[in-house]
Amino acid sequence: MKRATAAVILLFLASALLAATRPEEEQEKIDWLLAEMKNTDAIFIRNGKEYSGDRAASHVKSKLWFAGKRVQTVREFIVGVASFSEETGRPYEICRKDGTQEPLEKWLLERLAVYEKGLRR
């Protein structure tokens with residue numbers, strides 16, 4: 001039992017170390033995008049089901065954690081993790097309060113452009 005517990009702890013530590021190798025500037029951008037998702041009043045659509053920003057951000061963050069070292073840049077995060085369902089291959093979407101709907105990838109890239117221009121809210 002102690003070995004199994006130790007193995008689980010080592011697995012978590014190794015995963016954290018892999019994620020820690022992501023460049024700090026890129027991680028800051030990713031964190032900012034996750035906060036934008038969490039704090040928006042839009043609805044996120046994943047595999048035909050609607051989710052709040054908080055739930056959507058949490059889901060994408062867990063996908064990022066599993067992606068680990070494979071994701072090194074914010075653009076790899078957007079395109080490789082946050083834009084589609086690995087289960088079905090369907091793109092994630094976002095529906096704004098005014099009813100307009102678009103791919104989440106497009107929305108994230110637009111938000112990233114705002115961040116990179118220094119116009120953060």
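Me: Does S83 count as buried or exposed?
Reply: This model is predicted: local features need pLDDT of at least 70, side-chain atom pairs count only at pLDDT 80 or more, and totals for chains, interfaces and linings use all residues. Buried means under 20% relative accessible area, exposed means over 50%, and partly exposed is in between (1.4 Å probe, protein chains only). S83 has a relative accessibility of 5%, so it counts as buried.

Me: Where is S83 placed?
Reply: Helices (H or I, at least four residues) and strands (E, at least two) are DSSP runs, numbered from the N terminus. S83 sits in the loop between helix 4 (74-80) and strand 3 (93-95).

Me: Which residues is S83 in contact with, leaving aside its neighbours within four places in sequence?
Reply: Contact here means heavy atoms within 4.5 Å. A polar atom of the S83 side chain lies 2.4 Å from the backbone oxygen of I78. With neighbours within four places set aside, S83 is in contact with I78, P91, Y92 and E105.

Me: In what order do the elements of the protein chain run?
Reply: The protein chain has five helices and four strands. Of its 121 residues, 34% count as buried. From the N terminus on, the elements run α-α-β-β-α-α-β-β-α.

Me: How are helix 2 and helix 3 oriented to each other, and why?
Reply: Axes are lines fitted to C-alpha atoms, for helices over the stretch in contact, with angles from 0 to 180 degrees between N-to-C directions. The axes of helix 2 and helix 3 (residues 53-67) come within 7 Å and cross at roughly 150°. Angles under 35 degrees count as roughly parallel, over 145 as roughly antiparallel, 65 to 115 as roughly perpendicular, and the rest as oblique. So helix 2 and helix 3 are roughly antiparallel.

Me: Which residues of helix 3 make the contact with helix 2?
Reply: Helix 2 brings I30, L34, M37 and K38 to this contact.

Me: Which residues of helix 2 meet helix 5?
Reply: Helix 5 takes part with L104, W107, L108, R111, L112, V114, Y115 and E116.

Me: How far apart are the C-alpha atoms of F44 and I94?
Reply: F44 is in strand 1 (residues 43-46), and it is buried, with a relative accessible area of 3%. Leaving aside neighbours within four places in sequence, its contacts include M37, I94, L104 and W107. F44 and I94 are 50 residues apart along the chain, yet their C-alpha atoms are separated by 4.5 Å.

Me: What is the phi of N47?
Reply: N47 belongs to the loop between strand 1 and strand 2 (49-51). With a relative accessible area of 25%, N47 is partly exposed. Although N47 is not a glycine, its phi is positive, at about 55°.

Notes:
Residues numbered from 1 in each chain as written. Heavy atoms only, no water. Polar contact = N/O pair within 3.5 Å; in protein donor to acceptor, adjacent residues only side chain to side chain.
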